[in-house]
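Dear colleague,

I am handing over the structure below, and after it you will find a short account of what was found. Please read the account with the structure open beside it.

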Amino acid sequence: MLLCTAFTFVLHPSSLLVLALLAGSWIYVFLMRTTPLVISGRTLSEREKLIGMSAVSFITIFFLTSVGTVFFSALSISIALIALHGAFREPDNLFIDEGETQQGFMNIFAVPAVPTTVASAV
C-alpha cells in the first residue's frame, strides 16, 4: 500500500510539492521557531498553533489542491490490488499433509466429493 501511494505521488509532482511545503511549514512553526508566535498582538499557545496548522493543512489538501484526490485514488488502487491478490490466494493448500497432492490453481471451483458415509445414509 505504501509503495503504491509513493508511486502515485511520484507521478504527480505538484502534489508532492504541496506536501513538502506543508511539511516545511509544520517544521518551521513547531521546531525551528524559537520565539512565541504572535498574531495581531496575541501570543498563540501550542494548542492553538496545532489547531491552526491542522486547519490550514486540511483546507489546503482537500479544498485548494488536488492532493486529497491523488491520495484517495492511490488508496483505492492499493485496496483493489490487495483484494485482487486475496481473490487469487488459495489458503486451503498452504498446509499439505504428506500424502496429499496439490489439486491445481483453480480447484476452489471444483465440486467437492460427497463422503461415502453421508451418501449411503441418504
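Phenylalanine 63 counts as exposed because its relative accessibility is 60%, where exposed means over 50% relative accessible area, buried under 20% and partly exposed in between, with a 1.4 Å probe and protein chains only. Phenylalanine 63 is found in helix α3.

This is a predicted model, in which local features need pLDDT of at least 70 and side-chain atom pairs count only at pLDDT 80 or more, while totals for chains, interfaces and linings use all residues. Residues are numbered from 1 along each chain as its sequence is written, and side-chain values use heavy atoms, with hydrogens and water left out.

The chain holds 5 helices and 2 strands, in the order α-α-β-β-α-α-α along the sequence; these are DSSP runs numbered from the N terminus, helices being H or I with at least four residues and strands E with at least two. Of its 122 residues, 17% count as buried, and the chain exposes about 9,700 Å², of which carbon and sulfur atoms supply 71% (Shrake-Rupley method, 1.4 Å probe, only the protein chains shown counting as cover for residues).

Phe63 also belongs to a nonpolar surface patch of about 730 Å², together with Phe58, Ile59, Phe62, Leu64, Phe71 and Phe72. Such a patch takes residues with over 30% relative accessible area and no salt bridge, nonpolar side chains (Val, Leu, Ile, Met, Phe, Trp, Tyr) being joined within 5 Å and like charges within 9 Å; a salt bridge is a side-chain nitrogen of Lys or Arg within 4 Å of a carboxyl oxygen of Asp or Glu. Helices α3 (46–64) and α4 (67–88) each supply at least two residues of the patch, and the largest share, 5 residues, comes from α3.

With best regards
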